[in-house]
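The report below works through one predicted model, from a loop to helix packing and the nonpolar cores. Please keep the sequence and the structure in view while reading.

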Amino acid sequence: MALSDETKAELHELAGRYPEARSALLPMLHLVQSTEGNVTNEGIELCAEILGISAAEVSGVSTFYTMYKRRPMGKHHVGVCTNTLCAVMGGDAIFERLKDHLDVGNDETTDDGKITLEHIECNAACDFAPVMMVNWEFFDNQTPESAIEVVDKLRAGKKVQATRGATITSWRAAERVLAGFEDGLVDEGPAAAGPSLVGLEIAAEKGWSAPSVAEAKAKPDATPDDKVGAVEQADTSRAESETKAAVSDDGGSKK
Ligand code: FES
């Protein structure tokens, strides 16, 4: 299906948001995905034309980042983190169970077109491992059973909410948000919670806080530069005493 005039106008709008138009390439590719279901050849050529760069450059970007898809996606993208921490906490087991349950392999879509399953890398949510993402919304502390419940509900068209509160829409809708067009749902769910805040809570309990720049400068040992200075000073002193020892050992003839 050809890109609509509306999408073309929005691609131009994105290009106009940046001092250097080519900076808009990433959101433009997300926009193409949101309407076409993947990065199409037509989308690549149009992005190149609007930005005044080559189709090969656009293609290079779209094949470098894993969030850009060259094959049509299902309605929902389900990503299971199988990076080290999530893997040992159960991510590998979740991924295996989902592959069996959905009868797909990695990066494949179910026959009904509802779910594309992919194993993904660390999502910087290791404190909630094992983590699964649906259309890039977090599902924390998952088990094989909870993951299966989520995909079954998605396939049945039931309402699903991420564990942090966001309502699951669709992969295409999420892609439009990533392109920079808000859906009005940004405030759903907490910005940070649970294990991520433990360190902050302990600091508050104990009255700890980071020193100001002025305080750090007033305590020489606390600044990295001064620590380097202290190490250099220690090295110089050690070299001087080694030289003195050597001089006294051989009566001053050693050079
Ligand atoms: S290893 Fe899975 S979120 Fe970091």
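## The loop between S3 and S4

Pro-130 is found in the loop between S3 and S4, where helices (H or I, at least four residues) and strands (E, at least two) are DSSP runs numbered from the N terminus. The peptide bond that leads from Ala-129 to Pro-130 is cis, with omega near 0 degrees. Ala-124 lies in the loop between S3 and S4 as well, and its phi is near 60 degrees, a positive value in a residue other than glycine. With 9 C-beta neighbours inside 10 Å, Ala-124 counts as exposed; the classes are buried for 20 or more other C-beta atoms within 10 Å of the residue's own, exposed for 12 or fewer, and partly exposed in between, with C-beta atoms placed from the backbone.

Another non-glycine residue with a positive phi, of about 60 degrees, is Asp-103, which lies in the loop between H5 and strand S2 (108–109). Asp-103 is exposed, having 10 other C-beta atoms within 10 Å.

## Basis and overall make-up

Residues are numbered from 1 along each chain as its sequence is written. The model is predicted, and local features need pLDDT of at least 70, while side-chain atom pairs count only at pLDDT 80 or more and totals for chains, interfaces and linings use all residues.

The chain has 255 residues, of which 28% count as buried, and its secondary structure comes to 10 helices and 5 strands. Where contacts in the chain between residues at least 6 apart in sequence are considered, 58% join residues at least 24 apart; two residues are in contact if their C-beta atoms, placed from the backbone, lie within 7 Å.

## The largest nonpolar core

A nonpolar core is a set of buried Ala, Val, Leu, Ile, Met, Phe, Trp, Tyr and Cys residues joined through C-beta atoms within 7 Å. The largest one has 28 residues, among which Leu-98 and Val-131 touch the most other members. Two or more residues each come from strand S1 (76–81), helix H5 (84–102), strand S3 (115–120), strand S4 (132–134), strand S5 (137–139) and helix H6 (144–155), and H5 gives the most, with 5 residues. A second, separate core of 17 residues includes Ala-15, Leu-29, Val-32 and Ala-179.

Leaving aside neighbours within four places in sequence, Val-131 is in contact with Cys-81, Cys-86, Asn-123, Ala-125, Phe-138, Phe-139, Asp-140 and Gln-142. Val-78 is found in strand S1 and counts as buried, with 26 C-beta neighbours inside 10 Å. Not counting residues up to four places away in sequence, Val-78 touches Leu-98, Ile-115, Leu-117, Met-132, Val-134 and Val-151.

## Packing of H5 on H6

The axes of H5 and H6 come within 9 Å and cross at roughly 40 degrees; axes are lines fitted to C-alpha atoms, for helices over the stretch in contact, and angles run from 0 to 180 degrees between N-to-C directions. H5 and H6 are therefore oblique to each other, given that angles under 35 degrees count as roughly parallel, over 145 as roughly antiparallel, 65 to 115 as roughly perpendicular and the rest as oblique. In this pair, Ala-93, Ile-94, Arg-97, Leu-98, His-101 and Leu-102 in H5 meet Pro-144, Ala-147, Ile-148 and Val-151 in H6.

## Packing around H3

The axes of helix H1 (residues 5–15) and H3 come within 10 Å and cross at roughly 45 degrees, so H1 and H3 are oblique to each other. Their contact is made by Lys-8, Leu-11, His-12 and Ala-15 of H1 and Leu-46, Cys-47, Ile-50 and Leu-51 of H3.

Helix H3 (residues 41–51) also meets helix H4 (residues 55–64), with axes that come within 8 Å and cross at roughly 120 degrees. Ile-44, Glu-45, Cys-47 and Ala-48 of H3 make this contact with Ala-55, Glu-57, Val-58, Ser-59 and Ser-62 of H4.

## Helix H7

In helix H7 (residues 171–178), the residues Trp-171, Ala-174, Glu-175 and Arg-176 are buried, and the buried residues of H7 pack against helix H2 (25–36) and S1. Just after H7, Gly-180 takes a positive phi of about 110 degrees.
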